[in-house]
Amino acid sequence: MGVVNVTPDSFSDGGLWTDEATAIRHGLDLVAEGADLVDVGGESTRPGATRVSLEEELRRVVPVIRGLSAEGVTVSVDTMRAEVARAAVEAGAQLVNDVSGGLADPGMADLVAATGVPYVVMHWRGHSDSMDSLAVYTDVVSEVREELSRRVESLLAAGVTEGQIVLDPGLGFAKQPAHRHDWALLAGMDKLLALGYPLMIGASRKRFLGTLLPEEDGSPRPAVERDDATVAVTALAAQAGAWCVRVHAVKPNADAVRVAAAWKRANA
Ligand code: PMM
């Protein structure tokens with residue numbers, strides 16, 4: 001899955017694809033580089049970010065989704081709002097990617113049930129302005145697994161079907177690099193896969209990679225210089241059974257997925 005952030009303030013690519021034509025062109029480039037899906041988002045979720053209005057989010061994403069869908073691209077919408085998900089599906093989106101797993105908008109479960117589209121349920125504890133303070137765990141893998149399975153139960157009760165659900169541990173969301181939460185979740189992927197749903201992994205350019213690879217002065221490596229590390233995570237995540245990786249730099253990550261697949265085939 002390639003990322004098109006139609007936002008002025010996303011942490012690694014904010015401001016690059018804010019106008020409609022540039023965003024559509026970028027989405028098409030990602031497909032040419034090997035993306036099977038293009039994820040279009042209009043709200044930055046970087047730590048500390050404040051929310052955009054519903055109107056602004058709609059204004060940013062709907063034309064881009066319409067344009068990419070018209071070109072035959074399989075588009076997903078990255079949104080926490082049922083209203084945006086509805087408009088996105090009407091504009092051609094075929095998947096809803098909700099970083100709040102349905103917690104941010106009580107209308108989301110019904111919308112997903114009504115449209116029948118695949119739905120990414122990410123582990124989330126709160127909005128960006130508070131998520132760092134919510135990153136408190138005794139055992140991050142079992143707590144994330146438990147919280148995801150409670151989300152699944154509630155979605156199924158609302159009429160969403162098992163076949164629609166994709167899970168995601170939410171790397172970087174209420175996870176602290178200093179406590180290695182993201183690494184524990186990657187190493188514990190088998191326990192998340194044991195829930196029986198496809199797994200999405202969004203490691204691309206995230207903080208935990210920056211802190212793994214500090215600069216000489218000790219500061220984290222800048223986001224745009226974390227692609228090589230992202231590719232290494234992609235290879236390992238694909239090997240461990242991920243269904244999808246959500247990335248900014250598609251070409252090298254698509255190569256890594258192919259390498260892992262060839263390795264697996266040779267082992268079969
Ligand atoms: N991360 C971001 C945004 N959306 N969606 C899913 N399913 N999983 C993620 O890990 C995820 C996401 C934040 O990254 P960005 O600002 O680079 O898009």
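Modeller: The ligand is surrounded by 15 residues, counted when one of their heavy atoms lies within 4 Å of it; the closest are Asn 97, Asp 168, Lys 206, Arg 246 and His 248. This is a predicted model, in which local features need pLDDT of at least 70 and side-chain atom pairs count only at pLDDT 80 or more, while totals for chains, interfaces and linings use all residues. Residues are numbered from 1 along each chain as its sequence is written, and side-chain values use heavy atoms, with hydrogens and water left out.

By class, the shell has six nonpolar, five polar and four charged residues; Ala, Val, Leu, Ile, Met, Phe, Trp, Tyr, Cys and Pro count as nonpolar, Asp, Glu, Lys and Arg as charged, and the others, Gly among them, as polar.

For Asp 78, the distance to a ligand nitrogen is 2.8 Å. For Asp 168, a ligand nitrogen lies 2.7 Å away. The protein buries 98% of the 420 Å² that the ligand exposes when taken alone, with areas from the Shrake-Rupley method and a 1.4 Å probe.

Asp 78 also belongs to a network of salt bridges that links it with Asp 39 and Arg 246. A salt bridge here is a side-chain nitrogen of Lys or Arg within 4 Å of a carboxyl oxygen of Asp or Glu. The structure holds 13 salt bridges.

Notes. A polar contact is a pair of N or O atoms within 3.5 Å; within protein, one must be able to donate a hydrogen and the other to accept it, and residues adjacent in sequence count only if both atoms are side-chain atoms.
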